[in-house]
Amino acid sequence: MSKPSASAAITKLKTVMAALRDPDTGCPWDIEQTFESIAPYTIEEAYEVADAIERNDLPDLKEELGDLLLQVVYHARIAEEQRHFDFEAVAEAVTEKMINRHPHVFGSEEERAAGAAPGFWERIKAEEKRKKDEERRATGQAINDPSNNKSALDGVPPTMPALTRARKLQSKAARIGFDWPSLAPVFDKLDEELTELKEAVTSGDQNAIDEEYGDLLFVIANIARHLELDPEASLRKANAKFTSRFQRMETLLAEQTGSQANPKATLDVLDALWDQAKREERK
């Protein structure tokens, strides 16, 4: 059996989605879904793609990429039903965007020879926004008027994971010079925020504790930016490491007690088993 072409595979997937959404013969659950109800699944599937990459599980990555593609097809189908746009329009728009944003690859001979000059990405995105605003103005749609208190922080969605959004906000601020020149003063700020959190905990003021803890996380995100790290990825790795060690500790405890039903133990015993799990991991 020959492998279907990419276009045939996409067409088949779109046909399946149309059938699921058919108001007469489709799936009741799929029929009632909206952009808003599907959005959480879209975010979840993106995280599952990232998880498969972290685990270097390529068969799982193939499956998770399919699940993420399904989300794109789902949203496009809903938009098509509402006569806004369809899947082809989505694919065409992103293709055109990639071509426009890479003149050093797809542009004229002179543009390719010039290469990726510093700042070219921001200039292209600014031009794209200008054209988009013109199109919106021509069709009577609301636009973000640059004269209405336009901020350097615009364009960072509030729905992003908080650590990722903090890092992006800091990167935006740094573009206009609002940044520490090196990592050293950021570590000083970390010490300052940790001290303020300790003081808030001592005071017992829950609002102050919440605020100071948030400030501490914000500085942690800034450290990640200066180190060119993805704080979400770093935390996912830490979560995976904790899970592995904790589960090994549980196994060791079960072996020690002869019980498989989550046996209880003192903290001293658990600490000793935790240290053993760490030593085994490092070997």
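Some ground rules come before the details. Residues are numbered from 1 along each chain as its sequence is written. In this predicted model, local features need pLDDT of at least 70 and side-chain atom pairs count only at pLDDT 80 or more, while totals for chains, interfaces and linings use all residues; side-chain values use heavy atoms, with hydrogens and water left out.

**Helix pairs**

Let's start with α1 (residues 6-20) and α4 (residues 58-81), which pack at an angle of about 55° with their axes 10 Å apart. That makes α1 oblique to α4 (under 35 degrees is roughly parallel, over 145 roughly antiparallel, 65 to 115 roughly perpendicular, and the rest oblique). Helices here are DSSP runs (H or I, at least four residues), numbered from the N terminus. Axes are lines fitted to C-alpha atoms over the stretch in contact, and angles run from 0 to 180 degrees between N-to-C directions.

On the α1 side, Ile 10, Leu 13, Lys 14, Met 17 and Ala 18 meet Leu 69, Leu 70, Val 73, Tyr 74 and Arg 77 of α4 (contact means heavy atoms within 4.5 Å). By class, that contact has 8 nonpolar, no polar and 2 charged residues. Ala, Val, Leu, Ile, Met, Phe, Trp, Tyr, Cys and Pro count as nonpolar, Asp, Glu, Lys and Arg as charged, and the others, Gly among them, as polar.

The other pair is α9 (residues 162-174) with α11 (residues 206-226), at about 65° and with axes 9 Å apart. Among the α9 residues that touch α11 are Leu 163 and Gln 170, and the α11 side includes Phe 218 and Asn 222.

**Pockets**

A pocket is an open set of points on a 1 Å grid over the protein atoms alone, where a 1.4 Å probe fits, with protein on both sides within 12 Å along at least five of seven lines; lining residues have an atom within 4 Å of a point. Points are joined across faces, edges and corners, and a volume is the space filled by probe spheres set on them.

| Pocket | Volume | Lining by class |
|---|---|---|
| Largest | about 2,000 Å³ | 18 nonpolar, 9 polar, 23 charged residues |

In the largest pocket, α8 gives the most to the lining, with 16 residues. For the second largest pocket, α11 gives the most, with 4 residues.

Conventions:
Helix = DSSP H or I, 4+ residues; strand = E, 2+ residues; numbered from the N terminus.
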